[in-house]
Amino acid sequence: MGGTRPALPPADDRDPDTTPVAVPLMVQDIGTVQDLAGRWAERRERAAEERRVTLALREAILPEPGASIDLPYARIAVRYIPAGRASSLGGDWYDAAPLPDGRMFLAVGDVSGHGLPAIAEMAQLRHALLGLSMTGACPGRLLTWLNAMVLTRLDDTTATAVCGHFDPATRLFTWAQAGHLAPILVRRGGARQLGAPRGVVLGATSSLPYGVADVRLEPGDLLLMFTDGLVERRSRDIGAGVSLIMEAAVATGLGTAGADLDAGLDRLLEAIGGPNPEDDTCLLAVAVTGKGPRRP
């Protein structure tokens, strides 16, 4: 056919997969982005406030975690390190209190769950066990009573605990546990985990009794009582963590004559990788320095 063909547009050699495409941003889109940013900031602020409240409540309930207790026959030091995230703050607790008969009551425990509910239940268990300890009853009986309280008063709650009496006159440590990790004994350049008597988790059943064990401590011994946050990590199981603690306790010089207990605990925590970002860590250490007076 005759006539002049219309000119074709110039070829576009740009890669359509990499060439930016202008997308019009509507006013409502800007509003949506701003709304999401505002909600995110509000959520972070609420999480930060919840963490502040939670930590303040813990500090009001628990004794000063960095304080040490100097006794004629022993030195006691505690390290409590909260989890890195507010949502992971849990119900770890500890106690070290003199009894009317001259013995020392020692305990560490952990309530299941996280956040304010776990801390509220922790407070009930800690105060109940401390009050019960004033009766002078054996540790197994104390855990039986505490278990009854959990089963009847705290619905859908479970907890673990280890508690015992240290008699300075005989240096005998008598203890029991409820589904909790056994203490570690550091002695003369070595460390071992004590053999645990029978004992199920608090809140599991009322039909199983709690056994009792004892060990005679010597001057220079170091007893470590702790929660699972000290030894458990995503990268290792609890057994490997316990072995690491024992190795670190020996390597850092804990339990040696004249060792600085507070500095040694700090070195121990550093040697095992620092605080646990996903769980609270509680460590109660008792360094035996000598024999106490006879009990009347």
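A residue is termed exposed when its relative accessible area is over 50% and buried when that area is under 20%. The legends below use these terms for a predicted model.

**Figure 1. The loop between β7 and β8 at R188.** R188 lies in the loop that joins β7 (184–187) to β8 (190–193). With a relative accessible area of 67%, R188 is exposed, because this value is over 50%. Phi of R188 is near 50°, a positive value in a residue other than glycine. Most residues other than glycine have a negative phi.

**Figure 2. The loop between β5 and β6 at R171.** R171 is placed in the loop between β5 and β6. Its phi is also positive, at about 60°, although R171 is not a glycine. The relative accessibility of R171 is 18%, so this residue counts as buried.

**Figure 3. Overview of the protein chain.** The chain contains five helices and 11 strands. Of its 296 residues, 45% count as buried. Among contacts between residues at least 6 apart in sequence, 70% join residues at least 24 apart. The accessible surface comes to about 15600 Å², and 56% of this area belongs to carbon and sulfur atoms.

**Figure 4. The aromatic pair of Y73 and F166.** One aromatic pair is found in a search of the whole structure. Y73 and F166 form this pair, which is tilted, with 5.8 Å from centre to centre and 50° between the planes. Y73 belongs to the loop between β1 (68–70) and β2 (74–81), whereas F166 belongs to strand β5 (residues 159–167), so the pair ties together parts that are 93 residues apart in sequence. Both partners are buried: Y73 has a relative accessibility of 7%, and F166 has a relative accessible area of 2%.

**Figure 5. The largest nonpolar core and the surroundings of F173.** The largest nonpolar core has 25 residues, and those with the most contacts inside it are L106, F166, F173, W175, L217, M225 and L284. Two or more residues of this core come from each of β2, β4 (104–114), β5, β6 (172–178), β9 (213–216), β10 (222–226) and β11 (281–288). Apart from this core lies another of 24 residues, among them V231, A249, L283 and A285. When neighbours within four places in sequence are left aside, F173 is in contact with L106, G164, H165, F166, A213, D214, V215, L217, L223 and M225. In soluble globular proteins, nonpolar side chains tend to be buried together.

**Figure 6. The packing of helices α2 and α3.** The axes of α2 (residues 116–133) and α3 (residues 139–153) come within 10 Å and cross at roughly 145°. The crossing of α2 past α3 is right-handed. On the α2 side, Q124, L125, A128, L129, L132 and S133 meet L142, W145, L146, M149 and V150 of α3. H127 also lies in α2, and at 45% relative accessibility H127 counts as partly exposed. The C-alpha atoms of H127 and D95 are separated by 9.5 Å, while the two residues are 32 residues apart along the chain.

**Figure 7. P72 and G290.** P72 is found in the loop between β1 and β2. At 71% relative accessibility, P72 counts as exposed. From C-alpha to C-alpha, P72 and G290 are 7.4 Å apart in space, although 218 residues apart in sequence.

Terms used: Residues numbered from 1 in each chain as written. Predicted model: local features only at pLDDT ≥ 70, side-chain atom pairs only at ≥ 80, totals over all residues. Heavy atoms only, no water. Helix = DSSP H or I, 4+ residues; strand = E, 2+ residues; numbered from the N terminus. Buried < 20%, exposed > 50% of the residue type's maximum accessible area, 1.4 Å probe, protein only. Contact = heavy atoms within 4.5 Å. Areas by Shrake-Rupley, 256 points an atom, 1.4 Å probe, with all protein chains shown as cover. Phe/Tyr/Trp six-rings, centres within 6.5 Å; stacked < 30°, edge-to-face > 60°. Core = buried A, V, L, I, M, F, W, Y, C linked by side-chain atoms within 4.5 Å. Axes fitted to C-alpha atoms, helices over the stretch in contact; angles between N-to-C directions. Left-handed = near helix turned anticlockwise from the far one by under 90°.
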